[in-house]
Number of protein chains: 2
Amino acid sequence: MTNTDSVFSAPADNPEIETEDHVALGEDYALTASFVEKVVDAADDGDGMRLRGLLEDLHPADVADLMGFLTAEHRTVVVQWLPPDLLAETLPELDDGIREEVLERVPHLTLAEALQELESDDAAAVVEDLEDDQRERVLAAMPETDRAAIESSLGYEEDSAGRLMQREVMAAPLFWNVGDTIDHVRSQGEDLPELFFDIYVVDPMNKPVGGVAISRLLRSPRTTPLSELMEPVNEISVTQDQEEVAYVFEKYNLISAPVVDASGRLVGQLTVDDVVHIIQEENREDILRLAGVSEEEDRSSGVIDIVRGRVPWLGVNLFTAVLGAAVIALFEGTIQQIVALAVLMPIVSAIGGNAGTQGLAVTVRALATRELNASNAMRTFWRELMVGLLNGLVLAPLTGLAAGLWSQDWRLGAVIGAAMILNLLVAATVGVLTPLTLSRLKFDPAVSSSVFVTATTDFFGFLIFLGLATMVLL
Amino acid sequence: MTNTDSVFSAPADNPEIETEDHVALGEDYALTASFVEKVVDAADDGDGMRLRGLLEDLHPADVADLMGFLTAEHRTVVVQWLPPDLLAETLPELDDGIREEVLERVPHLTLAEALQELESDDAAAVVEDLEDDQRERVLAAMPETDRAAIESSLGYEEDSAGRLMQREVMAAPLFWNVGDTIDHVRSQGEDLPELFFDIYVVDPMNKPVGGVAISRLLRSPRTTPLSELMEPVNEISVTQDQEEVAYVFEKYNLISAPVVDASGRLVGQLTVDDVVHIIQEENREDILRLAGVSEEEDRSSGVIDIVRGRVPWLGVNLFTAVLGAAVIALFEGTIQQIVALAVLMPIVSAIGGNAGTQGLAVTVRALATRELNASNAMRTFWRELMVGLLNGLVLAPLTGLAAGLWSQDWRLGAVIGAAMILNLLVAATVGVLTPLTLSRLKFDPAVSSSVFVTATTDFFGFLIFLGLATMVLL
C-alpha cells in the first residue's frame, strides 16, 4: 500500500480528492483556486508544517500543477517543505522552465538519491535539464549502473525514441510457454519495469519476433507456448522522432512498443502514457507556432523571455505590413480623390486574412495527422479554391450592395465586390499552398504560415481593390 | 495467429510494412501516395481481385486512412471488395463523414453481423451514425444481448464517459487472492474484454474499492490477497464529459479507469487508447475553432458543407470589419488632408492583430490544459500587459522613425509610434480577457475568440491612430 509510483493517483490511506481539512481538487480533477491560495498563504507565513500538511498527500502530478500556479518565490518555499520522495516523483512532471529553476535549488546529493528512485527515462529527462557542472556532480554521486543508464540515454538525440524509451523491458525467449514466463516474472520482479503491458518475444540474437499482451498471457493455460500467442509488433527504432512514434501509437491503438537499436536488437520500450504527453506537446507546438509564439514559452516564462520569443514574429509582421503599406502608397493619388477607398480597403483585406487562416488551419491539421499527402494535395487545393469562390459569391454581393448604397456609387460597390472575390481566391491559394510547400521542404508547416498568409491577403487585398478602383473609377 | 483485433498492427503471416508486391506504408508509417494511386487505378479498372489483393493485408487503421484519400466514387468500389471482417473493424476507425457515407451502402444484415464482432463501445460508435430507420433494422437483426448493450450505450449523452466506455470489464471481489483471479481469468476468458490492463476490486455492492495493474498481479505469488496489491483508482462517472476524462488520464498517466453509475457501481471501463483519440479530437477542435472553422469539417466534406461551416464566421468578420470601416469614415476629413494616414493605418492594426493572436493562443492553450485558473488569472493578465508594453517599446521607435523619415514629418512618426504602443496594450488586454471571459461563462474559449480579438485591435488601431493624428497633426 505504500508504493505511490503507479497508474493510480494517490496513496491508498488518504485519497487526495477528499483530504479531510482541505479539498485540493475540484470536481473536474483540476486544483482549485482556493487550495492554491491556501498554499500561498502558508508560504507567505513561512508556516512549514502547514505547508507539509497541505502537500504531502498530493499526487506528484498535482504538485507539478501547483508549482505552475505559484510565483518563483513561493516555489522556493514549497520545494523546501516537499518530502524528498514526493519531490523526486514531481520532477519529471514539471514544466521545463520550472524544473530548471527547481533543480538549481536542490543539493546535488539529494538529487542523486532522488533520481535513483525514478525509472531510467524519467531520470534522464531530469538530468538533461541540469547545468553541465551540476550534471557532472550529480552523475558522479550515483551508482555506476544508474549512471551508465542515464548517460546512454542522453547519448540519443533529444526527442528521439532512444531518449524517451524506458530501458527496463520484459523479454522472453521464443521457446518459453505461459508458465515459464509467469514464473520468470515472479522471480525476477525487481529487474522488470514497474508496469508493463506486453511481453516481447525475442530470438537468440535478442531481436523481437512478436509480442504477447499480458491480459492474453493471463487467460491462457500455463502450457501454451508463447509462439502460439504472440502477434507481430510495431518495432520503433532508437533514432525515430517522437512525432512519428506518437503517430504509430495513435494509429494502431498501441499500449506499448519495443524499441530496437540499429542492428534490430531489443533495447527498451515505449509506453502509451509517454505518448500521451508527446501528443499534447506536439499539439501545443502547433497552436503556438500558428500564432507566432515560441514553443518554449510556458507559464513560468518571465516577461523578457516572452518578449524575446514573440518580438521576432511581430517584427516579421511589421515588415510585411510595410509591404502592404507600400502598395497603398502607390495609390495615394487615387485615395486623395476618393477617400471612401481608404474606408473600405480594410474590409477586403480582413475577409481575405480570415478566409486564408481558415484554410491554413485545416491544412496544417491535415498535414499533422497525415490526412494530406501527394495523392490528394491537388484535390484539396481545388476544393479550397471552390470554397473560396463560393464564399466570395455569398459575401461579395452583400458587401457590394452595402458599399454602393453608402457611397451612392454603384461602381464602387462593384469594385469592392469583385476585389473581395479575387482576394478570397488568393486566400484559398496561399492558405493551402503555404503549409504544403513548407512541409514539402521539410519545414514545420505551422511555423510562420499565418504571418505569411495574412501578409499575402493584405498585400493583394489592397492591390486588387485599389488597382480596380483606379481603373474603373478614375 | 489469426486474431487481428489486438494492440499489434498486422496479421502475423504477412506484415503489411513489406507486403511483397506493393509497399503500402512509407518509413513514417503513413500510407504512401504511390500505394493510394495503385488502389485508385485498380478501382478505375474495376479490377476487384487486384483491389482485394491490395487491401486484404492492411490493418483496419490503414484501410480507414486509405478511405480518406479516396474520392466518394472510389470509396464505393473499395467497400464492395473489402473482406467483411476487415470492413467491420474499419468502421470504428473512419472519419464521421466517411462512415456515414459507407454505412448507407452496406446492407443491414451484413452490418448487423459485422457489429457483433466489435467491442460494445466500437459497435455503439458505429450505430450512432446510422439513420433512424437503418438503425432500427440493424438493431432488430442483432441478438438480444448485443442489442441491449448498444441501446444502453446510446442512452448516455454523446461524448460522455457512459457512451465511450467499454462494458466488458475485469472485476474481482475483495476477498480473492492472485491465484483466484488468474484461475477466473483462465476460465472466463470469453466474457472478458479482449485486452485489459487493470483488475478492479469491488465490494459486495459492485462498487470499486481499488485496482490492481495486471503486471503487478503477474509478479505476485498466487497466495497474495488482492487487498494487499490494490491501489486507489480514479473513478470516472458515466456522465463525465470526454474532455474531463482525457484530462484525468493525461494528468495521472492512467492506462485504464473504472466507470461507475450514479450509485457508484462499476458499469464499464475506459482505456487509454480511446483517450488518445479524444485528445486528438479536442486538439483538432481547438485549432479549427480558433481559426473559425466548424469542427465538423473533415477531408470528406463537400464544398457546400465546408462553405456552410465557414461562411458564418466570415460573415461575423465582415460585420466587424464594417465597424472598423465606420471608425475610419469618422476621420475621412483628416485622411483627405493627410493621405499618408491611409497608407500607415493598416500597419497599426496588423501588429495589434498579430500580438492579440499570440496572447490568445497562449491563453486558450493554458485554459485547455487547466494551467490557468482564478488563482493566476490576474497575474497572467498583468504579464501579458507588460509583454504588450515591452513589445511596443521595441517596435514603436523603429516604426516611428521609418514613418517619420518617409513622410518627412516627425510628428507623424510620433503619432504612429504612440498608437502602436497603445494598440499593443489593447491587444494584450483582449487577447487574455476574451478567452478568460468565455471560459468563465462556460463557453469554449477558442470559439470566435480570434475574430473578436482582431476586430477589437482593428477598431482601436484605427481609432487611436486616426484620433491621435487628428489631434496632433491638424
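Mentor: B:E296 is exposed, because its relative accessible area of 67% lies over the 50% cut-off. Please keep in mind throughout that this is a predicted model. B:E296 sits in the loop that connects α16 (272-290) and α17 (303-330) of chain B. Its C-alpha lies 8.8 Å from that of B:E285, a residue eleven positions away in sequence.

Strand β2, residues 198-202 of chain A, is mostly covered, with five of its five residues buried. Here a residue is called buried when its relative accessible area is under 20%. In a regular strand, side chains alternate between the two faces of the sheet. Both faces of β2(A) are covered: A:D198, A:Y200 and A:V202 are buried on one side, and A:I199 and A:V201 are buried on the other.

Strands of a sheet pair through backbone hydrogen bonds, in either a parallel or an antiparallel manner. Strand β1, residues 171-173 of chain A, runs parallel to β2(A) and is joined to it by three bridges. Within this pairing, A:A172 stands opposite A:V201 of β2(A), while A:P173 has A:V202 as its bridge partner. Strand β3, residues 208-213 of chain A, pairs with β2(A) in the antiparallel sense, over five bridges. A:V201 also takes part here, standing opposite A:G210 of β3(A). β2(A) and β3(A) form a hairpin in which five residues lie between the two strands. One residue of that turn, A:N206, has a positive phi of about 70°.

Taken together, the three strands of chain A make an open sheet in the order β1-β2-β3, with mixed pairing. β1 and β3 stand at the edges and have a single partner strand each, so one side of each is left without a neighbour in the sheet. From one strand to the next, the twist averages 35°.

Helix α4 of chain A, residues 72-81, crosses helix α2, residues 48-55, at roughly 80°, and their axes come within 9 Å. α2(A) and α4(A) are therefore roughly perpendicular to each other. On the α2(A) side, A:G48, A:M49, A:L51, A:R52 and A:L55 meet A:V77, A:V78 and A:W81 of α4(A). By class, six residues of this contact are nonpolar, one is polar and one is charged.

α4(A) has a further partner in helix α1, residues 33-44 of chain A; the axes of α1(A) and α4(A) come within 10 Å and cross at roughly 80°. This pair, α1(A) and α4(A), is therefore roughly perpendicular as well. A:V39, A:V40, A:A43 and A:D44 of α1(A) make the contact with A:H74, A:V77 and A:V78 of α4(A). Its residues divide into five nonpolar, one polar and one charged.

Finally, I return to the two chains. Chain B is superposed on chain A by a rotation of 180° with 0.0 Å of shift along the axis, at an RMSD of 0.1 Å. The two copies are thus related as by a two-fold rotation axis. Of the interface residues of chain B, 100% are also interface residues in chain A, so the copies meet through the same surface.

Definitions and conventions
Residues numbered from 1 in each chain as written. Chains lettered and ligands numbered in written order. Heavy atoms only, no water. Buried < 20%, exposed > 50% of the residue type's maximum accessible area, 1.4 Å probe, protein only. Helix = DSSP H or I, 4+ residues; strand = E, 2+ residues; numbered from the N terminus. Pairing = 2+ DSSP bridges. Axes fitted to C-alpha atoms, helices over the stretch in contact; angles between N-to-C directions. Parallel < 35°, antiparallel > 145°, perpendicular 65-115°, else oblique. Contact = heavy atoms within 4.5 Å. Nonpolar A, V, L, I, M, F, W, Y, C, P; charged D, E, K, R; others polar. Least-squares fit on C-alpha atoms with pLDDT ≥ 70 in both.
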